[in-house]
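Student: I want to go through the ligand sites in this one. Can you put it up?
Tutor: Here it is.
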Amino acid sequence: MPSLNNQIVLITGASSGIGEACAHRFAEQGARLILTARRLNRLETLARKLTEKFAVEVQVAALDVRDRTQVESVLATLPDDWQAIDILVNNAGLSRGLDKLHEGLVQDWEEMLDTNIKGLLYVTRAILPGMVQRNRGHIINIGSIAGHQTYPGGNVYCASKAAVRALSEGLKLDLLGTAIRVSSVDPGLVETEFSAVRFHGDGDRAAQVYRGLTPLTAEDIADVVVFCATRPAHVNINNVILMPVDQASTTMVNRHPIG
Ligand code: NDP
Ligand code: 8X3
């Protein structure tokens, strides 16, 4: 298995859930980590933990992926020996609301589109030229089954993840002839802060999403991300769709009676 030791991995949205779990998994493999998100205090706590446990080097940076100027300046001012990023995990993302389109909040739509599509584009645009120049690198996008199947009330979130799917496919086409790899990891239900964010902090409603079923964990997704990143150099994992055994589609889940 190709080694991740000393490879530079940048993860967006590393302050929680799947991004945080990816940070753990890459640290276990000896990678050098650049962890970004808006909540810097969480990143600092995580960085301390990873440094102590795995003796890896970690950089943290407060970064709102929606802010193009900030993305460009934060990434351009990384220390020289952190510039040659080997793996970019475009994970930062969110859903807001589950309203019918004609009742939806425009502010929710803008937050999702600005984060899930434009944020991913800004970060990729800043990092990919260096990968092309070095003819080395791997972009791993966190998509969703929502990008493959639309569900009631999912309208704009599903559209944003369909865009991520198209962008992953487009990148793969554009990078043909280089050694750079592009993967999309597209999960179903994963229990993280995702649903609490979707329902604007309504914890009871968020808990209902996972009620009576066994969801995926953030670590399940991180395992797949690391799998993609550790294939031999000639192998590109284009797309992985994974869902819990208790889920068959975006709308069909098996809930066990609660005793
Ligand atoms: P969490 O809410 O636990 O984590 C989301 C992460 O994204 C946080 O670290 C958050 O950090 C970061 N983030 C959100 N907005 C921004 C922003 N504007 N700039 C920078 N970082 C941002 O959810 P998940 O771990 O579940 O979500 C991670 C990804 O996985 C998302 O792209 C999501 O769409 C996708 N996904 C999730 C599924 C699920 O069921 N949970 C299923 C399929 C895909 P901070 O707030 O500190 O900025
Ligand atoms: C998250 C999975 O089904 O809640 O992308 O949209 S779902």
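Student: By class, what residues are in the shell around ligand 2?
Tutor: This is a predicted model. The shell around ligand 2 has four nonpolar residues, one polar and one charged.

Student: Which residues are they?
Tutor: Ser144, Ala146, Tyr151, Tyr157, Phe194 and Arg198 are the residues around ligand 2.

Student: How far is the side chain of Ser144 from an oxygen atom of ligand 2?
Tutor: An N or O atom in the Ser144 side chain is 2.5 Å from a ligand 2 oxygen. For Tyr151, the side-chain N or O atom is 2.6 Å from an oxygen of ligand 2. Tyr157 has a polar side-chain atom 2.6 Å from a ligand 2 oxygen.

Student: And how much of ligand 2 does the protein cover?
Tutor: On its own, ligand 2 has 240 Å² of accessible area, and the protein covers 88% of that.

Student: Switching to ligand 1. Which residues come nearest?
Tutor: There are 30 residues around ligand 1, and Ser15, Ser16, Arg38, Tyr157 and Thr192 come nearest. By class, the shell has 13 nonpolar, 11 polar and six charged residues.

Student: What does Tyr157 do there?
Tutor: An N or O atom in the Tyr157 side chain is 2.7 Å from an oxygen of ligand 1. Arg39 places a polar side-chain atom 2.8 Å from a ligand 1 oxygen. With Gly188, a backbone N or O atom lies 3.4 Å from an oxygen of ligand 1.

Student: How much of ligand 1 gets buried?
Tutor: Ligand 1 exposes 880 Å² when taken alone, and the protein buries 96% of that.

Student: Which elements give two or more residues to that shell?
Tutor: Helix H1 (17-28), helix H5 (155-174) and helix H6 (194-198).

Methods: Residues are numbered from 1 along each chain as its sequence is written. Chains are lettered from A and ligands numbered from 1 in the order in which they are written. This is a predicted model: local features need pLDDT of at least 70, side-chain atom pairs count only at pLDDT 80 or more; totals for chains, interfaces and linings use all residues. Side-chain values use heavy atoms; hydrogens and water are left out. A residue is near a molecule or strand if one of its heavy atoms lies within 4 Å of it. A polar contact is a pair of N or O atoms within 3.5 Å; within protein, one must be able to donate a hydrogen and the other to accept it, and residues adjacent in sequence count only if both atoms are side-chain atoms. Accessible areas come from the Shrake-Rupley method with a 1.4 Å probe; for residues, only the protein chains shown count as cover. Ala, Val, Leu, Ile, Met, Phe, Trp, Tyr, Cys and Pro count as nonpolar, Asp, Glu, Lys and Arg as charged, and the others, Gly among them, as polar. Helices (H or I, at least four residues) and strands (E, at least two) are DSSP runs, numbered from the N terminus.
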